[in-house]
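Me: I would like to learn how to read a helix. Can we work through one together?

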Amino acid sequence: MRPAVAAALALTSFLAFASAAPAADNPLVGTIWTGAGETARFADIEAAAEKADFVTVGEIHTNAEHHANQARLVAAMTEAGREPAVVFEMVPRGLQGALDAFLAQETPDAATLGERLDWEKRGWPDWAIYRPVAEAALAAGLPMAAGDLDRDTIRAIGRGEQVPQGGVAYSDETREKLGEEIMVAHCNLMPEQAIAPMIAVQQARDLAMADAMIDAGKADGAVLIAGGGHTRTDWGVPFVLRAKATGRSVLSVGQIEVTEGDTDFADYLEEGDTALPYDYVLFTTQSDDTDHCAELEKQMGKG
């Protein structure tokens with residue numbers, strides 16, 4: 001495999017809406033909207049989540065505020081009498097056993113779950129910022145489930161050695177748009193031949209997370225904790241769920257970090273679009289000012 005393709009397949013999430021400026025004074029910070037651009041409140045999201053069979057809540061992985069919002073939504077659902085399974089993108093199928101063993105303890109402590117799952121060793125941000133989600137699930141006795149494929153499977157799919165079964169087909173237009181999004185999200189550093197394998201990986205991972213939600217959520221639905229690229233309605237897990245779990249309702253919640261100078265809802269629309277690909281969107285400050293493009297260049301040996 002060419003180094004550029006290998007580097008691309010090693011990445012686990014889109015670098016969505018990244019910017020070098022925190023933009024904390026942006027008037028959008030703290031506001032909530034429908035995907036169609038109407039103002040909303042967190043209570044509106046809670047009310048919709050209480051009724052939905054499946055809820056996907058996107059994030060920027062390093063943003064503690066995003067995880068606090070996820071925990072708040074899980075807690076709101078349980079307070080309303082729901083008992084959804086909580087499915088994590090960050091936990092591959094091979095670690096389901098470790099997750100089950102943790103939950104089987106008499107008094108599982110959320111503080112220790114990250115270590116049990118080799119959370120940071122596998123490249124995810126500090127477990128402490130994800131801990132509120134696990135605490136909300138544990139407080140209500142909710143089941144928790146692995147959502148993602150194992151890394152070896154992802155690599156095999158990227159190399160074309162394995163084809164996921166039971167997928168949901170994208171239209172040519174959607175594949176083209178997804179390819180463009182992947183290229184932009186990876187700072188236009190990917191060679192053209194890397195895009196098709198990355199689309200295959202994206203499809204496979206979204207399918208795996210949707211299947212995990214369907215399987216874990218047979219009793220009372222499921223909530224997915226995942227990167228924003230996986231929770232989009234146009235090609236992400238909600239798209240798959242609406243095709244595979246017909247008759248069951250799906251709610252997609254996105255969280256977007258504001259960028260410097262982009263102070264209107266319309267500034268975050270993709271060219272030609274009139275809505276964002278989520279049912280609801282929360283705008284927040286940025287979690288860091290890391291130059292992700294510089295990091296990717298270094299990873300690919302171009303820096």
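**Reading helix α6**

Reply: Start with its surroundings. The buried residues of α6 pack against α3 (64-79), β4 (85-92), α5 (110-116), β5 (144-148) and β6 (222-225). Helices (H or I, at least four residues) and strands (E, at least two) are DSSP runs, numbered from the N terminus. This is a predicted model, where local features need pLDDT of at least 70, side-chain atom pairs count only at pLDDT 80 or more, and totals for chains, interfaces and linings use all residues. Residues are numbered from 1 along each chain as its sequence is written, and side-chain values use heavy atoms, with hydrogens and water left out.

Me: Which residues of α6 are buried?

Reply: Buried means under 20% relative accessible area, with a 1.4 Å probe and protein chains only. In α6 these are Trp127, Ile129, Tyr130, Val133, Ala134, Ala136 and Ala137. An α-helix has 3.6 residues a turn, so residues three or four places apart point the same way.

Me: What span should α6 have?

Reply: The expected span is 1.5 Å times one less than the number of residues. For the 13 residues of α6 (127-139), that gives 18 Å. The end C-alpha atoms are 18 Å apart, which agrees.

Me: Where is the kink in α6 centred?

Reply: A bend is the angle between axes fitted to the seven residues ending at a residue and the seven starting there. In α6, a kink of about 25° is centred on Val133.

Me: What does Val86 touch?

Reply: Contact means heavy atoms within 4.5 Å. Beyond its neighbours within four places in sequence, Val86 contacts residues including Val133 and Ala137.

Me: What comes just after α6?

Reply: Gly141, with a positive phi of about 65°.

Notes. Buried < 20%, exposed > 50% of the residue type's maximum accessible area, 1.4 Å probe, protein only.
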